[in-house]
Amino acid sequence: MKIAHDFHMHTSLSLCAEKTANVKEYVESAKKAGFEKLGFANHFWDAAIPGANDFYVPQHYDHVESMKPEIEEAKKSGLTLYFGCECEYDPYRHGVACTPEVAEKFEFMIVPNSHTHMMMPKDYYHPYEKHAEFMVNAYEEILNSEVAKYITGMAHPFEAVACPYDRAILIGLIKEDVFKRLFTLQAEKGIAFEINLSCLDQKKPEEFAASDRFKMFRLAKDCGCQFIFGTDIHSSAKYAAGVADAAMKGANLVAEMLGLREEDIIEIAKCAITHLRTIPVILSKAKNPFSKLGERILRPPTQPAGRVVASG
Ligand SMILES: [Zn+2]
Ligand SMILES: [Zn+2]
């Protein structure tokens, strides 16, 4: 199956992104590289939740929502575009920095357990076990949060951002049965595991296959998690200058190595063309198979995220 989505893209609205990062340029290069669906996930902290730091205070809902016209305009390209966010883990309330009322306004949401450079006390960096344990607890709290049903995927799981040492060490410190417990819960909640392409190093496929990171991906799959892919790109100029092409290759290589099938990809990220090819009979029988395409990502309140089954 082909992976043709990128659901982790930052525009200039993210304070850490390039000032020129824009939807139009992303869409043009994504189209050239063969992507079909893009998801914009700027950094976000709901103003109704206390505790935002200086980085997050300006990145409230009105701020991230201001990109909607840009997305609407870029839909003329024919690509499927989603308005989402990368909402922060809230260590003070042991949950996610978003109220259900605001979570509902996004078409998708990804949440990281690994922005430890901002969310973790500095003295937790040592010993390494303390850092790893912080991420394990954060992961579980996100999965059990009151907005869990609105979460599409876990952003760059266990990839400690701006870690002062090799962050891959931390993944190796976490016991297999701890990962299994977390990933089983995650699968039950219908929350996808993000394969963050910025985490893929320049290793050869066989070296990568032997890494703790890849073993973690495999455990997530074995526990029944679905997947979502994202570049975590912060620059549309870099996307145009080769990142989009490299991401297309990288995503499909990892998907092949993991043996991902159609059912392993979370619903809103599925490749439309593959999807149509694999279910032509059902589609032709459906009354109006396209009427709900745009609504598919809006999760009915009675169903957990990711459990929405395509109409076709
Ligand atoms: Zn992140
Ligand atoms: Zn990001």
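# Close-up views of the chain

**View 1. Helices H6 and H8 cross in a left-handed sense.** In a left-handed crossing the near helix is turned anticlockwise from the far one by less than a right angle, and in a right-handed one clockwise. The structure is a predicted model, in which local features need pLDDT of at least 70 and side-chain atom pairs count only at pLDDT 80 or more, while totals for chains, interfaces and linings use all residues. Residues are numbered from 1 along each chain as its sequence is written, and chains are lettered from A and ligands numbered from 1 in the order in which they are written. The axes of H6 and H8 come within 10 Å and cross at roughly 20°. That makes H6 roughly parallel to H8 (under 35 degrees; over 145 is roughly antiparallel, 65 to 115 roughly perpendicular, the rest oblique). Val136, Tyr139, Glu140 and Leu143 of H6 make the contact with Val178, Leu182, Leu185, Gln186 and Lys189 of H8 (contact: C-beta atoms, placed from the backbone, within 7 Å). By type, the residues of this contact of H6 with H8 are six nonpolar, one polar and two charged (Ala, Val, Leu, Ile, Met, Phe, Trp, Tyr, Cys and Pro are nonpolar; Asp, Glu, Lys and Arg charged; the others, Gly among them, polar).

**View 2. Helix H8 also meets helix H10.** H8 covers residues 176-189, and H10 covers residues 212-222. Their axes come within 9 Å and cross at roughly 45° (axes are lines fitted to C-alpha atoms, for helices over the stretch in contact; angles run from 0 to 180 degrees between N-to-C directions). H8 and H10 are therefore oblique to each other. The crossing of H8 and H10 is right-handed. From H8, Glu176, Phe179, Lys180 and Phe183 take part; from H10, Met216, Leu219 and Ala220 do. The residues of this contact of H8 with H10 are five nonpolar, no polar and two charged.

**View 3. Helix H1 runs alongside helix H11, roughly parallel to it.** H11 covers residues 236-258. The axes of H1 and H11 come within 9 Å, with a crossing angle of roughly 30°. The crossing of H1 and H11 is right-handed. H1 brings Glu25, Tyr26, Ser29, Ala30 and Ala33 to the contact; H11 brings Ser236, Tyr239, Ala240, Ala244, Asp245 and Met248. Sorted by type, the residues of the contact of H1 with H11 are seven nonpolar, two polar and two charged. The buried residues of H1 are Val23, Tyr26, Val27, Ser29 and Ala30 (buried: 20 or more other C-beta atoms within 10 Å of its own; exposed: 12 or fewer; partly exposed: in between; C-beta atoms are placed from the backbone). Their cover includes strands S1 and S2, helix H3 (68-74) and H11. Just after H1, Gly34 has a positive phi of about 100°.

**View 4. Seven strands form an open, parallel sheet.** The order is S1-S2-S3-S6-S7-S8-S9. S1 (5-9) and S9 (227-230) are the edge strands, and each pairs on one side only. The twist averages 30° from one strand to the next. Helix H1 (residues 23-33) packs on the sheet and touches S1 and S2 (37-44); its direction makes about 145° with that of S2.

**View 5. Three bridges join S1 to S2 in the parallel sense.** Two strands pair if DSSP finds at least two bridges between them. His5 has Lys37 in S2 as its bridge partner. Seven of the eight residues of S2 are buried, and S2 is mostly covered.

**View 6. S3 and S6 run parallel, joined by three bridges.** S3 spans residues 80-87, and S6 spans residues 108-112. Cys85 stands opposite Met109 in S6.

**View 7. Val147 lies in the loop between H6 (128-143) and S7 (153-155).** Val147 is buried, with 22 other C-beta atoms within 10 Å. Thr99 is 48 residues from Val147 in sequence, yet their C-alpha atoms are 7.0 Å apart in space. Beyond its neighbours within four places in sequence, Val147 is in contact with Val96, Cys98, Pro100 and Ala103.

**View 8. The whole chain has 13 helices and nine strands.** Both are DSSP runs numbered from the N terminus: helices are H or I with at least four residues, strands E with at least two. Of the 312 residues in the chain, 42% are buried. Among contacts between residues at least 6 apart in sequence, 80% join residues at least 24 apart.

Terms used
Two residues are in contact if their C-beta atoms, placed from the backbone, lie within 7 Å.
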